[in-house]
Amino acid sequence: MSATSLSPTTSPSSLEMQAVVKRFGRVTAVDRVDLSVRSGETVVLWGPNGAGKTTLLRCVLGVVPFDGTITVCGYDVRRNGKAARRLMGYVPQEIRLPGHQTVLETVTFVARLRRVSPTTALAGLGRWGLEGMAEQRVQTLSGGMKQRLALALALISDPPVLLLDEPTSNLDLAARRELMEQLEQLRTQGKTLLVCSHHAAEVWRIADRVVVLEHGRVVAQDAPERLGAYLGGEALVALTFSSSQKEEAAALLRRQGFTVMTNGSARQIWVRIAGDRKLEPLRALHEANIRILDLELHSAAPGQAGHTGR
Amino acid sequence: MDLSTIALIAAKEFRDLWRSRWFAVMAAAFAALALALSVLGTALVGLAGVAGFGRTTASLLNLVMLIVPLMGLVMGAMSLAGEREQGTLLTLLAQPVTPTEVLVGKLVGLAAALGAAVVGGFAISGLVIAKAGGWAELGDYLAFAGLTVGLGIAHVALGLWISATSRRSASALGMAVFLWMVVVIFGDLGVMGTAVVLKLTPAQLLWVGFGNPAQVFRLAVLRVVHGDLDILGAAGLYAASRLGGWLLPILVGALAAWVAVPATIAWVQFRRRGAL
C-alpha cells in the first residue's frame, strides 16, 4: 500500500493537487499533498477530525491562501479561481446563509452569480423536495432541509465537480440515507465527487477511491475494499477527557503501544486500535483512574459498524 | 472584474443593511436630528432675522461630523468580519466570484446605503428650511450633502480595512469605535495639543489636518459654505491664501484619497486572508 497507488491515468483529471501546503501559524494543516481525481471519479477523503480534510477542500475551492498548485479541469484555482469555481459546487458541513433571507432570495442570488436563469433554478427546487418553501426563511429550515438547499445551490449550474464537506454529519438517519441515494445518483450521472468524511461506512460505499489523511498528509489511498482489507478491521476510537487529564491519557496509551492522534482539541484524542483490542485502552485508562467523559467508535473498514456509540 | 457580479453583491449588501435594525435606527436618528436642527433654525428666524440653508449648515456640520463617521466605520467593520464569523463569507467566496468583486461590491453597497440615509436626512431638513426661508443657497446645501456622502464613504473604507483584518465582529466593532473616537473626539484636541507642544506653523497645522478625513471634510464644507476659512484661524487663512482656488479641489481629492487608500489596503488584506 502506498500513498501514490492508483494514480489516475485512464481519463483526464478533474482535480490535480501538487505539493499543497496550508499552514495556520505554526500548525501545518495540509502537508505536501499530491492528489489527482479523474473525471467522473468519486474520491472520499477520510481521517479523524483535524486531519486536514476540510482545509484541503477549502484550498481546492481557492477560498484560503495556500502553497503548491491546484487545478480544476485545467484552471489554476489561484490564478483563475473564478473560472475554477464556476466548474465546482460546494456543500459545506452546515450551510451558512444570512438567516433573514428566504429560500427564494438565496436561490435567486446564487443563480444570478452562476449565470443561470432564476426561474429555471427555482423550478428545479422540486427535485430536492423544496417546492413550496420559496418564501420560507432559511433560518427556519430543519437541518435536513438546509442540507438539501445546500445541495440544490451547489448543483444550480450543473457543475461537473462537486465538493462535499462532511455532508451527513448534521443529519438524522433517514436524511443521511436519502442524501447518500442522491450522491449515488450524481455519481452515476458522471459527476466528479470529492467528499470528506470521518464516517467510514456511509461514504465508502459510494467511493471509487478512499484517501486516508492523517496530520494533513496522505498516508494511504486505494479502492475502498482493498483499503478495508489493509486496515484489517482496525477501528478509530475518539475519547474525550477533562482538559486536565487529556495529556496524561495520551501519554499512558502511547506507552502501551497504541497509536494516538491529537488534533488540537483541548479534550479529545483519537486512538487507532486493532479489532480484537478495542477494550484494552478503556481498561488501561480505567485502571489508571482516568475518567472517560465520552467515546465514539468508528470502524475503519467499509460495511462494518461505523457507528457512533455514546 | 465583472460589473454585473459587483452590482449583484452591492444590491444584496444594500438590502441586507436596510433590513438590519441598528442601521435603520441610526438612519432614523440622523434624519430626526437633522429635522430638529432645521426646525429649530427656522423657529429662530424671527429673533435673528435671517434664515435659509447657510444658517442651518453650521448646526448640521457638527451633527454630521459626529454621526456619519460612526455609521460608516461600523458598517464597514461589521461587513466582512460579521460574514466571516457567521460563515456566510465562505458560502459567498465558494461561488464564481473574485475577492476583488466581493470587496468592491460591498463597498458600493455600503456606500449606497449610507448615501441613501444621508440624502434622506438632508432632504427632510432641506424641505423644512426651504419652506421657511426659500431656496437661496441651495447649491451650497447640495454640495454640503455631497461632501457628507464622501465623508461617509471614506469611513466605510476605513471600516472595511478593519473588517478585512478581523476574524471576530466584536473586535472589529471595538476597533471601529476606537478609531471613531480618535478621528472625531480626539482629532481636534490632538491637533490643538500637537500645535501647542510642537509649535507648529500654520502650514504644518494644515498638513496635519489632511491626516484626518473629518478635518478634510470640515475644511471643504466651510470653504463651500463660508467662502473663506477665517473661522479656522491661522491655518485656515494660510490654506486660503496659499492654495487659493485650488483649495477645494485639493480637499475633495484628499477625501477621495481617504476612500481609495484604505479600500486598497483592505483589498490586499482580504486577498491575503481569504474566507477565514
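The secondary structure of chain B consists of twelve helices and zero strands, where helices (H or I, at least four residues) and strands (E, at least two) are DSSP runs numbered from the N terminus. Read from the N terminus, the elements of chain B follow the order α-α-α-α-α-α-α-α-α-α-α-α. The model is predicted: local features need pLDDT of at least 70 and side-chain atom pairs count only at pLDDT 80 or more, whereas totals for chains, interfaces and linings use all residues. Residues are numbered from 1 along each chain as its sequence is written, while chains are lettered from A and ligands numbered from 1 in the order in which they are written.

The C-alpha trace of chain B spans about 60 × 45 × 30 Å along its principal axes. For 276 residues, a compact globule would have a radius of gyration near 19 Å, and the 20 Å of chain B agrees with this; the radius is taken over C-alpha atoms, and the globule rule is 2.2 Å times the number of residues to the power 0.38. Of the 276 residues of chain B, 48% are buried. A residue is termed buried if 20 or more other C-beta atoms lie within 10 Å of its own, exposed if 12 or fewer do, and partly exposed in between, with C-beta atoms placed from the backbone. Among contacts in chain B between residues at least 6 apart in sequence, 84% join residues at least 24 apart; a contact requires C-beta atoms, placed from the backbone, within 7 Å.

An α-helix has 3.6 residues a turn, so residues three or four places apart point the same way.

Chain A contains ten helices and 14 strands, and 42% of its 310 residues are buried. Chain A is divided into domain 1 (13-231) and domain 2 (235-299), with bounds from an automatic or database domain assignment. The centres of the two domains of chain A, taken over C-alpha atoms, are 30 Å apart.

One open sheet of chain A has four strands in the order β2-β1-β4-β5, with antiparallel pairing. In chain A, β2 (27-38) and β5 (75-76) stand at the edges, each with a single partner strand, so one side of each is left without a neighbour in the sheet. Two strands pair if DSSP finds at least two bridges between them. Strand β1 (residues 13-24) of chain A pairs with β2(A) over eight bridges, and A:Lys22 has A:Val30 in β2(A) as its bridge partner.

Elsewhere in chain A, strand β11 (residues 235-240) has five of its six residues buried. Six bridges join β11(A) in antiparallel fashion to β13 (residues 268-273) of chain A, where A:Ile269 is the bridge partner of A:Leu239. A:Leu293 lies in the loop between α10 (280-287) and β14 (294-299) of chain A. With 11 C-beta neighbours inside 10 Å, A:Leu293 counts as exposed. Leaving aside neighbours within four places in sequence, A:Leu293 contacts A:Thr240, A:Phe241 and A:Ser242.

The contact between the chains takes 20 residues from chain A and 20 residues from chain B. On the side of chain A that touches chain B, α2 (81-86) and α3 (103-113) of chain A each supply at least two residues. The residues of this side divide into twelve nonpolar, two polar and six charged; Ala, Val, Leu, Ile, Met, Phe, Trp, Tyr, Cys and Pro count as nonpolar, Asp, Glu, Lys and Arg as charged, and the others, Gly among them, as polar.

Notes: Two residues are in contact if their C-beta atoms, placed from the backbone, lie within 7 Å.
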